[in-house]
Structure formats: structure tokens, C-alpha cells
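Please read them with the structure open beside you.

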Amino acid sequence: MWWFQQGLSFLPSALVIWTFATFIFSYITAITLHHVDPALPYISDTGTVPPERCLFGVMLNIAAVLGLATMYVRYKQVHALNPEENLIIKFNKAGLVLGILSCLGLCLVANFQKSTLFVAHVCGAVLAFSMGSLYMFVQTILSYQMQPKIHSKQVFWIRLLLFIWCGVSALSMLTCSSILYSSDFGADIVQKLHWNPEDKGYVLHMVTTAAEWSMSFSFFGFFLTYIRDFQKITLRVEANLHGLTLYDTAPCPVTNERTPLLSRDF
């Protein structure tokens, strides 16, 4: 049996692989068509101009769905492992809400390009990165609360290091982008896709884009830590029938049907 056949471990793997492929495919298309510069463009800049915009939007929407499914499974797993721990239950619910908001932001980024509706695009990016960072923080706290009883200390330390990586990248991106867009570096800086080393604000731009890519890879690493956890869980869907037909008749007892959701039991 392959590792990705155990439980739902394929879910975080698919999320990371698919999202990485989204960035890479749109990046390759954009630089091949000379729509962006090869040296560290904004991730969303690689999905601004057709045809890569179509590819970027569709694939990123699917990534958001995979992210939502991964976060929901994580929520159900933590809840099942800690049914009576009030503090863990509260953090777990908060994590699910933050994860949903992060995926919503990802959808906004996918469907509203900065060249068409800049405000919506920026709101989506802020929502995705900020809520995603808080989600990592909450999950790191949960990992601390559940070690060493539920899992090893190494898992907590790995997630803590990944969260610190994410935090440093977020702080760098926020600081440099704030200086870049609040300074007088030109009226077209918001829509600018091509940068030269001689341009004003070039260094700030490069630091911002490098921090954005770095932050994205910290997310990838964090979700990869779910693989081993997800090998220990499967979800099942239960259909409760209240009659043998769909007519308005008196209910009669019917045996419930249980079918696996996304995975078989191992």
C-alpha cells in the first residue's frame, strides 16, 4: 500500500501539489509570452494577462476547494481526538473559521485580477494571507496542546518553525509593500508588470515579491505536515432515509446507508 492510499493523506498532498502547479504553470506561461519579468514577479501578476489569467483563475479556485476540504478534515480530526477539552474545542472552531476566510480570499484573488478590480484583488490577498497566517498560528497552538499525548513534540516544533517562517515573510512583505505604495515612485506602480533595476522602488519591489513567494512556501510546508496525521483518519457520509419512496407518506424504518467519503477504511 502506497503512503497516499492511507486514510486521507492524499488530501494535503493534492492541495500542495496542485497549488504549486498553479503558480508554476501560470509563471511559465507569463514569462514565455513576456507578460512579466522572470525575476520574482508577484504571484498574482503571473495570472493577470490572458491566457495565463484563465489558467490561474480556474486552478486557484480548485486549490481553494482543496484547502477548504483539508481544513475541514483537520477540524473533524482534532474534534474527534479531543471531545471534552474545552480550550482545544474553541481553538479548533476558530481555526476552521479562519481557514474558511482564507479560502474565500483565495477565490477573490483568483477571480478579480489587479488590472480589472484592484480593490477586490487586494482585499482577497490580504484575507488569504492574514487569515492563513492566523490559521497556522491556531494550529500550532493546537499542536502544542496535543503533544505529547496525541502526537510527538517534533510535530509541534516543525509547525512552530514554519509559522515563524511565515511570520517573518509576512512582516517583510507588509513593511516593504507599505513603503513602496505610500511613496512617490510613479502613478502606474500599482499596475506595473515590468521592472528594471534602475526603476525607483525596485529593491522594495523585489523584497516584497520574494517575501510573498517565501510566505507561500511556508504554507506549503505547513500543510505537508498534515500528511502523516491524515493517514490516521477517514470520513464517512451517512444517508438517513425516512421512507421507501419520495411521496408524502407515513415514515417507515429504513436501514441507514453508510458510504465512505473520499477514502476507504484501512
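1. The second largest pocket is lined by R74, Q77, L81, M146, I150, H151, S152, V155, R228, D229 and K232, and about 260 Å³ of space lies in it. A pocket here is an open set of points, on a 1 Å grid over the protein atoms alone, with protein on both sides within 12 Å along at least five of seven lines, and a residue counts as lining when it has an atom within 4 Å of a point. Volumes are the space filled by probe spheres set on the points, with grid points joined across faces, edges and corners. By class, this lining divides into four nonpolar, three polar and four charged residues, where Ala, Val, Leu, Ile, Met, Phe, Trp, Tyr, Cys and Pro count as nonpolar, Asp, Glu, Lys and Arg as charged, and the others, Gly among them, as polar.

2. Please keep the origin of these values in mind: this is a predicted model, in which local features need pLDDT of at least 70 and side-chain atom pairs count only at pLDDT 80 or more, while totals for chains, interfaces and linings use all residues. Residues are numbered from 1 along each chain as its sequence is written, and side-chain values use heavy atoms, with hydrogens and water left out.

3. Which elements supply at least two residues each of the lining of the second largest pocket? They are helix 2 (52-81) and helix 7 (226-230), and the largest share, three residues, comes from helix 2. Helices are DSSP runs (H or I, at least four residues), numbered from the N terminus.

4. Two of the residues lining that pocket, R74 and D229, also form a salt bridge, with the closest N and O atoms 3.3 Å apart; the term means a side-chain nitrogen of Lys or Arg within 4 Å of a carboxyl oxygen of Asp or Glu. Because D229 lies in helix 7 and R74 in helix 2, the pair ties together parts that are 155 residues apart in sequence. D229 counts as buried because its relative accessibility is 13%, and R74 is buried with a relative accessible area of 2%. Buried means under 20% relative accessible area, exposed over 50%, and partly exposed in between, with a 1.4 Å probe and protein chains only.

5. The structure holds four salt bridges. One of them joins the side chains of K114 and D45 at 2.8 Å, N to O, and this pair links distant parts of the chain, since K114 sits in the loop between helix 3 (86-111) and helix 4 while D45 sits in the loop between helix 1 and helix 2, 69 residues apart. Both K114 and D45 are buried.

6. D199 and K192 form another salt bridge, in which the closest N and O atoms are 3.0 Å apart. Here D199 is partly exposed, with a relative accessible area of 22%, whereas K192 is buried, with a relative accessible area of 19%. Salt bridges that share partners also join R74, R159 and D229 into one network.

7. About 610 Å³ of space lies in the largest pocket. It is lined by 24 residues, of which A125, V126, F129, M173 and S177 are the closest to its centre. The elements giving two or more residues to this lining are helix 4 (118-146), helix 5 (153-182) and helix 6 (202-224), and the lining residues divide into 13 nonpolar, eight polar and three charged.

8. How many cavities of 30 Å³ or more does the structure hold? There is one, a cavity being a set of grid points where a 1.4 Å probe fits but cannot get out. The largest cavity has a volume of about 450 Å³, and of the 26 residues that line it, T19, F23, L106, A128 and F219 are the closest to its centre. Helix 1, helix 2, helix 3, helix 4 and helix 6 each supply at least two residues of this lining, with the largest share, six residues, coming from helix 2. Its classes are 19 nonpolar, six polar and one charged.

9. A polar atom of the S26 side chain lies 2.8 Å from the backbone oxygen of T22, and a polar contact of 3.2 Å joins the side chains of S26 and T46. A polar contact is a pair of N or O atoms within 3.5 Å; within protein, one must be able to donate a hydrogen and the other to accept it, and residues adjacent in sequence count only if both atoms are side-chain atoms. Leaving aside neighbours within four places in sequence, S26 is in contact (heavy atoms within 4.5 Å) with T46, E52, L55 and F56.
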